[in-house]
Amino acid sequence: MGGLGTWIPVRGSLGFRVVLVCRKGGERPGAPSALFLPSWPLPCLSPSAFPAWLPGSVLQPALAPGGCHSYPLPAGAPSAWHCLLTPTEPQQAMEGEPTLRLRIFNLNCWAIRYLSKRRQQRVRLIGDTLRQEAFDLVLLQEVWSEQDYSELKVKLAGCYPFSHYFRSGVIGSGLCVFSRFPILDMLLYQYSLNGYPYMLQHGDWFCGKSVGLVVMKISGIIFNVYVTHLHAEYCRDKDAYLPHRLVQAWELAQFIRHTSKAADVVLLGGDLNMHPEDVGIRLLRGWTGLQDAFAEAMHFEGCKNGCTLVPDNCFTDKSELLPFPLGIRIDYILYKAISSFTVKCEELKTTTGRAPGVDIPFSDHEAVMATLHIQRQGQPAGATLGTADPALADVVTEARAEVGAGLRAARRQRYSSGRMAVLALLLLLLQAAAALATLAGLGAEQPFPKLSFCLLAFLALGVLVLATGLHLFHTMEVKMLHGTEDQMWMVLRALQERPSEG
């Protein structure tokens, strides 16, 4: 730098260094005046990295020449110097200890317009916290209002310049991603089954429950990041939605397997609505090889057992948690390295009811925050997604049995709705025949008043339309359940034959 610059020993999570450069004619002060960031995404450095920066100060970007962004320091800082953030060579960054330290935030925001309590206040609180904490990757669920997403996008533009909102279904998927790093590609897969349209009190069918994928390249590492939200349980003793949720878990596992072959690291975050020991979680983890950040974390801080739906949260339904006095864990961050990298969870945290510094929680769910270390191995890893596991065949068998039970129930419902449609159609035909006979003078006068006759016809027509709709729905449900059962049978047969091949 010709003697005009002084390198400061500060390194970001991607291997970046900071240089102080004296402006022409300036004096040599003790602190920089502005932080110039190139246009590519960089980790947000904490104000504590430079003692002269005021604690908690927010750096607002302003476009600077050369495609950079200038982040002025607080008022009163010397103006003769500015600092430049430049990346080190990836090869150098991959030597030694963990290459990449990635901080991930996952939360079901419970942001249902007109129904969720204090929604706008909580969305603002979530945005303020994300801007202050400077995570690398944010995965959100139940952001049902695009207006809420737009407000978050504007608020977080300085720290999370890249984001995507996944649209599907009648009211949307509720899924969105905020990132410090460029999103190279994205894809959405909507689950084939998602509850029942006539269960209006639950409403899951009207949501486009899906899995969203964003592909990113960070320090030479290809990341496939998945965010999802599966169907809720509602009643654990009589879970009518278990077959549908298992189909979703299976489709999620298959989607990850077939879209992550070119990735180095796989990350999955979301509200899976399943307990850690449930068959759906065991199926998902066994078939994809994903690891649970809570189980693998070297350090944990938060609710006991990592619970994310807890009685201490003022927004939770306490009656649903009576069998679980400590709460339940249904929100997850899962990960997997599938090439020449290793991933370790350094730390996992959850919120514990109230958000820091305020009297309300972020949501009825607790946030999950993980710090992952990604490091290159000497040789490519031999394991791939779906490595044979002796217990996996038992898990697939159990899941297939549950899907089979759902298939039999769907066939009964299809038969009942079809029979109802046929009876309604016969009633309409009899009424039409009676009306025609009366008009032709071939029969006696109508035995019923005209008003009652018309009301009965409209009732029969309504039943016919409703029953036909239900019959079509349950026909599709049968096809999806049958298809999933067949897929599981094929996988089960392959798993059973695989040991004999060795």
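**Exercise 1. Find the side-chain partner of Glu233 in a polar contact of 2.7 Å, then describe the place of Glu233.**

Step 1: The side chains of Glu233 and Arg236 are joined by a polar contact of 2.7 Å. A polar contact is a pair of N or O atoms within 3.5 Å; within protein, one must be able to donate a hydrogen and the other to accept it, and residues adjacent in sequence count only if both atoms are side-chain atoms.

A word on the model: it is predicted, so local features need pLDDT of at least 70 and side-chain atom pairs pLDDT 80 or more, while totals for chains, interfaces and linings use all residues. Residues are numbered from 1 along each chain as its sequence is written, and side-chain values use heavy atoms, without hydrogens and water.

Step 2: Look for Glu233 in the loop between strand E13 (221–229) and H4. Helices (H or I, at least four residues) and strands (E, at least two) are DSSP runs, numbered from the N terminus.

Step 3: Glu233 has a relative accessible area of 16% and is therefore buried (buried means under 20% relative accessible area, exposed over 50%, partly exposed in between, with a 1.4 Å probe and protein chains only).

Step 4: Leaving aside residues up to four places away in sequence, Glu233 touches Asp239, Tyr241, Arg245, His275 and Asp278; contact means heavy atoms within 4.5 Å.

**Exercise 2. Work out which residues of H5 are buried, and what follows this helix.**

Step 1: Helix H5 covers residues 279–288 and is mostly covered, with eight of its ten residues buried.

Step 2: Those buried residues are Val279, Gly280, Ile281, Leu283, Leu284, Gly286, Trp287 and Thr288.

Step 3: After H5 comes Gly289, with a positive phi near 80°.

**Exercise 3. Locate Ala134 and Glu142, and decide for each: buried or exposed?**

Step 1: Ala134 sits in the loop between helix H2 (119–133) and strand E8 (137–143), whereas Glu142 belongs to strand E8.

Step 2: For Ala134, phi is near 55°, a positive value in a residue other than glycine. Glu142, also not a glycine, has a positive phi near 55°.

Step 3: Ala134 has 14% relative accessibility, so Ala134 counts as buried. With a relative accessible area of 12%, Glu142 is buried.

**Exercise 4. Name the residues that make the contact between H4 and H7.**

Step 1: On the H4 side, pick out Leu242, Pro243 and Leu246.

Step 2: On the H7 side, the contact is made by Ala399, Glu402, Val403 and Gly406.
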